Structure formats: C-alpha cells, structure tokens
Amino acid sequence: MKILLLAGTYEARQIALRLGRDGRIDLTASLAGATRAPLPLDGAVRVGGFGGRQGQQDFMAAGGFDAVIDATHPFAHRISFRTHSICAALGVPYLQVLRPGWAATGADDWTFVADEAGVAAKVAANMTVFLATGPGSLAAIGQLPAARVLCRVIDAPEGPFPWENGAWRRGRPPFSVEDEVEFLRDEGVDLLVTKNAGGRGGWAKLEAARALGLPVVLIDRPPQPPGEKAESVETALDWIERL
Ligand SMILES: NC(=O)c1ccc[n+]([C@@H]2O[C@H](COP(=O)([O-])OP(=O)(O)OC[C@H]3O[C@@H](n4cnc5c(N)ncnc54)[C@H](OP(=O)(O)O)[C@@H]3O)[C@@H](O)[C@H]2O)c1
C-alpha cells in the first residue's frame, strides 16, 4: 500500500516510525523544508514545496498513492486545505491528524485571540513579550507596542529582527519545563504569546508560565478542511489498518 505522509510535526515522525518499518507499507514522507536540519524521518523522504497546487497534484497522481495522511501543523492550514481538495479530485482517501487544542485550567491566566492580528491589543508598552509563535507569524502579528519583544527561532535568522524593539533567541525544541522557567525568568518576560498548537511538544512553556504566574495570549487555530480527522497517532494508524 502506497502512503503519502505530509510531515513537519511530532505526530508525523511517530507515524513514519511505525509505517516506515511495516513491510506492507510503501511510505513517502514529505517535508516543506522549513527547517535547515530537520529531525530524521523513516521511509522515503522528499523535501521542499511542491511548487503550488498543480505541482502537488502532478506529484500525487504520478506517485499512485493509495492514501494520504496529512500530519502537518494545525496552523499549516493552506497545505491541509489544498491536499484535501487534491485528494477529492484524485479519489484518494485523506486523513488529517489534528491533535486537540490546549485548554486552560483554574491555575492559568490565558487570553484567547482569534488570530495573529489580535495580539497587539493585549500588549502594554512596558512589557517584555516572548513570541513563541515562530518567525513566520511576525508579519501577521505586526509591530507590538512593547518595551521588548523576543522571538524564538530554530535556525539562525537570515536578517536582523524586523522591529527595533525586538531580538531573536535561538533554540531547538523540545524544551523542558525547567528550561522554559529559566528562559522566562532570565529574560524578564511579562507576557507569553503562543499559537494554540496543542500536543506535548510545546506544552512546557505553558507549564512554565503557570509556575511563574505569567499571563499568556493564545492565538486560536485557523479553520481546517473538512474530511476525516484523527486526534492521535494511534487513531491514524487504525485508519490505515482499516483501509
Ligand atoms: N505554521 C506553523 O506554525 C508550523 C509549526 C511547526 C511546523 N510547521 C510545519 O512547517 C511546514 C510549513 O508550514 P506553513 O504554516 O508554512 O504551511 P502552509 O502555509 O500551509 O503551506 C505553505 C507552503 O509550504 C509547502 N508545504 C507545507 N507543508 C508541506 C509538506 N509537508 N510537504 C511539502 N510542502 C509543504 C507548500 O508549498 P508549495 O505551494 O510550494 O507546494 C505550501 O503551499 C508544514 O509542513 C508544517 O507542518 C508549521
């Protein structure tokens, strides 16, 4: 059975680990190429964008895939909508792996905003703000009226920070709660901003903010395509087994 796995997440690596070693499966994993040295994946791996919708459709038709598992990030909604639509056109079964979002407890001081543009209204002029959103969100967030803005990046940034009040901080996940507490404390962070990505990978910073009593702004997820969903790796593997 030929499977195309759209990767770029922890769940994708786990699925690749299981399917890549299953003798019944011929797995191709696809990475966007967003990080310069991605963690290794099992199965055949292709890297880089498809060059738009037609390029992806041609790739998928030529590959003769029996099913597509879309395990991209919940905020990578453009590739998810497009893949769902191409699968419908080609008559190929499509499954989106979509982990549940995070939910606040009584111990958390969280504010939800509908999208990146809503962040600025939650920021005060004297704050040090930590953007754990990745650099790809800066343009949509827009310049913040804060004393200092820090943005974490995996790879060394190609240019200077786009705003005068900002600075990059290098770091490759996963981070422990202790790492995150130390970072937030050492940098004097007053406000954490993150996407509501869900999952275990990014949870440590929220646990750290809770421990320090820091407020958090969470950006809601964008709309997702219709179609079948799996909340976990196990559910996705069950779906393949049923096919
Ligand atoms: N957005 C986030 O917060 C976030 C966080 C962690 C990881 N990621 C991962 O980083 C990648 C890019 O995210 P994004 O938000 O830029 O996505 P996006 O806006 O939905 O897609 C942008 C473009 O990236 C290419 N692309 C995305 N995923 C791909 C994949 N798995 N294989 C091949 N090409 C892919 C496609 O390029 P072409 O048009 O050239 O085909 C697509 O048009 C995703 O795979 C996602 O899982 C994203």
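So, the aromatic cluster: Trp102, Trp110, Phe112 and Trp203 come together as one group in this structure. Keep in mind that we're looking at a predicted model.

Let's zoom out for a second. How many aromatic pairs do we get here? The count comes to 8. One of those is tryptophan 102 with tryptophan 203, with 6.1 Å from centre to centre and 55° between the planes, and that makes it a tilted pair.

Okay, so where do these two residues come from? Tryptophan 102 belongs to the loop between strand E5 (94-97) and strand E6 (110-113), while tryptophan 203 is in helix H6 (residues 203-212). So this pair ties together parts that sit 101 residues apart in sequence.

Are the two tryptophans buried or exposed? Tryptophan 102 has a relative accessible area of 9%, so we call it buried. Tryptophan 203 comes out at 22%, so that one is partly exposed.

Now the other two members. Tryptophan 110 pairs with phenylalanine 112 in an edge-to-face arrangement: their centres are 6.2 Å apart and the planes make an angle of 65°. Tryptophan 110 is buried, at 13% relative accessible area, whereas phenylalanine 112 is partly exposed, at 38%.

Which ring does the charged end of lysine 2 sit over? That's phenylalanine 65, with the charged end 5.5 Å from the ring centre. And then there's arginine 152, whose charged end sits over the ring of phenylalanine 183, 5.5 Å from its centre.

Conventions:
Residues are numbered from 1 along each chain as its sequence is written. This is a predicted model: local features need pLDDT of at least 70, side-chain atom pairs count only at pLDDT 80 or more; totals for chains, interfaces and linings use all residues. Side-chain values use heavy atoms; hydrogens and water are left out. Rings of Phe, Tyr and Trp (its six-membered ring) pair if their centres lie within 6.5 Å; planes under 30 degrees apart count as stacked, over 60 as edge-to-face and the rest as tilted. Helices (H or I, at least four residues) and strands (E, at least two) are DSSP runs, numbered from the N terminus. Buried means under 20% relative accessible area, exposed over 50%, partly exposed in between (1.4 Å probe, protein chains only). A charge sits over a ring if NZ of Lys or CZ of Arg is within 6 Å of the ring centre and within 35 degrees of the ring normal.
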